[in-house]
Amino acid sequence: MSDFPTNSAVDPCDAEGFPRSNAPLPDPAATREEMLKLYPPKTRKKREKQLLVNDPVTPPEIGANTRTVPGIISQRGCTYAGCRGVVIGPIHDILHITHGPVGCGYYSWLTRRNLGRPRDDQPVNYLQYCMSTDMMEEEIIFGGEKKLAAAIREAYRIFKPKAIAVYATCPVGLIGDDIHTVCRQAKEELGINVFGFSCEGYKGVSQSAGHHIANNGVFKHMVGLLDEPDPEPFRINVLGEYNIGGDAWEIDTLLKKCGIHVTATLSGDISYEQICKCHTSDLNVVMCHRSINYMAEMMEVKFGIPWIKVNFIGAEQSAKSLRKIAKYFGDQRLLDRVEEVIAQETSALRPVLEDVKSRCKGKTAAMFVGGSRAHHYQHLFKDIGMLTVAAGYEFAHRDDYEGRRVLPTIKVDADSRNIEELDVEADPTRFSPRKSPEQIAALAEGGFSFKDYEGMMTEMRKSTLVIDDISHHEIEKLIEIYKPDIIGSGIKDKFVIEKFGVPCKQLHSYDYGGPYAAFTGAANFYLEVDRMINTKVWKLVTPSWKKDPKLRENFGVGIDSAGNKAIRDTVAGMAKAWKPRKTGPTDAEG
Amino acid sequence: METTQPTPLCLVSPSTTPSGGDSGDAPSGSSNPCKLCTPLGACIAFKGVAGCVPLLHGSQGCSTYIRRYCISHYREPIDIASSNFSEDSAVFGGRRNLHLSIDNITRQYRPALVGIATTCLSETMGENVPMMLAEYRAEERSLPEEGEAPELVHVSTPSFKGTHVDGFHATVRSLVNTFAGKTEAHPAGVVAPVALFPGMVSPADLRHLRTVFGLWGVPVSILPDYSETLDGPSWADYERLPAGGTTLDEIRGMAWAPGAVEFGCVLAGESKTAGAILAERFAVRHHRLGLPIGLRETDRFFGVVEAISGREVPELFERERGRLVDSYVDGHKYLAGRRAVVYGESDLVAALAIFLAETGVTPVLCASGERNGRLEPAILAAAPELAGKIQVLEGSDFTDISEGIASLAPDLLIGSSKGHKLARELGIPLVRCGFPIHDRIGAQRIQHLCYAGSQQLYDRIANALLERKQDGSEVGYSYL
């Protein structure tokens, strides 16, 4: 039963439970054609596969994770951004050194809002620092290994960090600097953990390649270094949660209320130590499937920790995720406690939700973001009665769209082959399956499934548009034809969208707002969407004096017109009659 | 709160502290840099040309990062294309990618110009972009739509050489070098516009310069002019390429300018600038001035315009000037003897230092991420009274700036948003100027130039100090 039962008389839903839009929806196939027809044959052939009309029952195959055509403006980032910026950047007590010219380091300096706060026992926070080897021409020509080694030493001397991570940028790969050897030598010399990431920007299709490289590195160089389980019961890791705007803190608080302990959040406000011991946890729950499923898989093989997909974005989804975690542990007190918490949270949230829903229901949204957000945030919109009419990811793969069942059929192209697949085996001493085969069978019987990402398309309404790596041109067409009430996207297309008069919610950095996760975060989101959709500012774009022809009619056609001769004469007369109060000698004649 | 309390770590510069014996001689990098990469400057300059789409030749991350960064400052749509290198192109070259991307940009935007800047990837590979462009022009393009093919211009912007400021000036230079003079002679009897190269100033500054010349009645061509493209109004209809910018015809016609004015007293030390090219190739009289901030530098600028145009400074500006002097008097009590730390683009830093000196504030530390040895001489040449009172850092990062800063006892910081951490640690106000400003709204509307802009700046500085004094007052004065 839903925790937020809808009153079908007031909140009309269709047969599948999706909100109905106030206005009839345009023909998706015609819209698709309108978007495609500008492209030359080759580009069109490629875009056709990335631009689909949805069928949730049997999602059509999408051409995701393929290269963006040169010269088409895309919102995608690079491998370095995915590795240093997204996955590893949030570790707040290791030093991140970017090996390359100054730009890449600068651009990844506090630009993602992965918040962190030092704790009493871990007062160190390096998130505010941007360390770059600032390569100069000399190093490009003669090699930058010496400079990198010197930078690592100096950084160690000044900061004495527990670990140092080094990231390679484009030119580093070309000139052949062996960052891994430099790191290994530094590790021996300094006695701290030093490791490198070959995440040159040109590798891979998008930042997604960087996520994979980061997962590999974190798994190889950090996970499993500390065999000290936390004493608390019901230990889980939250994977693929980056604490943008404080989301991870909301999730953490909610879980704590239920008595569930988070060993580590990969990677949001996390310390080196937490990563090193996250293999001692008992369950991995995955938020962003795209960026971290590799880690979940590898930890299961090596340490026997199963993983499940959760989603703490949206009230209904948060409740569902809590129940799923409790069911996994199967402890009655935990199950009861979870129900209590859900009841408390929903009753606190309901007044906000109902209020916002009264103004937002029947409105439409579109989202083009991330590798999971375009899916997750549909639930928040659904909570307040809004229908998502089009959605797509920036850097996701087929499994994120169509569900993991298509994994065996995904073709590995040249770009993906470049990214190392780690050969992982069960740890000889530490592999310990958290559930016995019997327990797993019993859970399965009760409808519980592991590794269960069904993808975005299965949860989107039939005949909505699914657009991978959307271009500016396609966004323009979408706005023109669908006129969505709000679009969720990133800063790079935010102002394009708003110039069209459509509010744009940044779902990467939250417009410097948030958090939006869990029940408390959901309330924030509802209020923000309400504020953005119902703002009056768009009505002010055209001034009233341009809109109202009567203004001119009532007052003639300007002071020069014949009709206003009387006024002109009066003014001229007044001017003539006017005399300065004090007349000086020079203007005595007027 | 974004990220935490000030860290308990001491801030020591990797590049200036005595080495521990194991760190070698060369500086080993940058910690919290005070400069951005070269192609970023190129993109901003290209955005100031009418109908131009910037194209970065390299991997797509560069265009994404630079767009992201510029957009957070200007809060406008900024399209920057990329030739999207893959591992293959990194090995075999990016010729095909470059050609394809120009084709696709042409199809989508019908631009007047595609501005191609390189990245460290294509520069490290040694890509011969001019040759690739020549090949592109020579090939028959099969573009289905009508219309002229865009002009192409190339600028070399490896980020391992120079900073965003160098990328900016290199682009202006390349535009002038490519287009100036490629037109028929200017019709006799018509006054040709003055060529003005303002440097990396704000869109509001550019608009103000237009107003100044407009009210003066002196025609002007400003390059680049992103006053509309990077700070546009809300649109009733979407414009794929925002209106505004210097037209190519304007750049072509600069060859006949009655005079060229180039701002930047640090830039003035460079021989091959856009203005210098006009002087050399077309015998245009070239005037190198500092950014007109404060009385002295604006006086010089107005004097030059008067000389070029033969028209007297309109009284309106004299009154603006008078108001600025008047406010110096009003604010003297609050500003005199105060100590400021100024950092950022070297030409802006120099201009601010010269201006501050006039107001009674000592710019005790002037720092820039650029390194050319010209910052200190430039400041002292225009404001000799600062000799012996200031410390100038070049090639510096925020670690260098932080070092020993407490002993300088500064009262305020003036510079980009990146000084926020430092201002917070020192407990002093930060007056935001320069690039990037991403933690305040209105970066594109901050005015610095001429009497009116200096006035804005003066009021902001004085008020920042007043506000701090008032907020920190134990007795709660409301009348200071």
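In this predicted model, the largest nonpolar core holds 296 residues, and those touching the most other members are A:Ile164, A:Ile275, B:Leu278, B:Leu352, B:Ala353 and B:Ile379. Helix H13 of chain B, residues 346–359, gives this core its largest share, 10 residues.

**Cores**
- Neighbours within four places in sequence aside, A:Ile275 is in contact with A:Ile91, A:Val218, A:Met222, A:Val223, A:Ala264, A:Leu266 and A:Ile270.

**Helix H13 of chain B**
- H13(B) is mostly covered, with 14 of its 14 residues buried.
- B:Gly360 follows H13(B) and has a positive phi, near 100°.

**Domains of chain B**
- Chain B is divided into three parts: domain 1 (38–172), domain 2 (194–315) and domain 3 (330–471).
- Between the C-alpha centres of domain 1 and domain 2 of chain B the distance is 25 Å.
- Contacts between these two domains of chain B involve 20 residues of domain 1 and 20 residues of domain 2.
- On the side of domain 1 of chain B that touches domain 2, helix H1 (38–47) and helix H7 (164–179) of chain B are the elements that give two or more residues.
- The residues on that side of domain 1 of chain B are 13 nonpolar, 4 polar and 3 charged.

Conventions. Residues are numbered from 1 along each chain as its sequence is written. Chains are lettered from A and ligands numbered from 1 in the order in which they are written. This is a predicted model: local features need pLDDT of at least 70, side-chain atom pairs count only at pLDDT 80 or more; totals for chains, interfaces and linings use all residues. A nonpolar core is a set of buried Ala, Val, Leu, Ile, Met, Phe, Trp, Tyr and Cys residues joined through C-beta atoms within 7 Å. A residue is buried if 20 or more other C-beta atoms lie within 10 Å of its own, exposed if 12 or fewer, and partly exposed in between; C-beta atoms are placed from the backbone. Helices (H or I, at least four residues) and strands (E, at least two) are DSSP runs, numbered from the N terminus. Two residues are in contact if their C-beta atoms, placed from the backbone, lie within 7 Å. Domain bounds come from an automatic or database domain assignment. Ala, Val, Leu, Ile, Met, Phe, Trp, Tyr, Cys and Pro count as nonpolar, Asp, Glu, Lys and Arg as charged, and the others, Gly among them, as polar.
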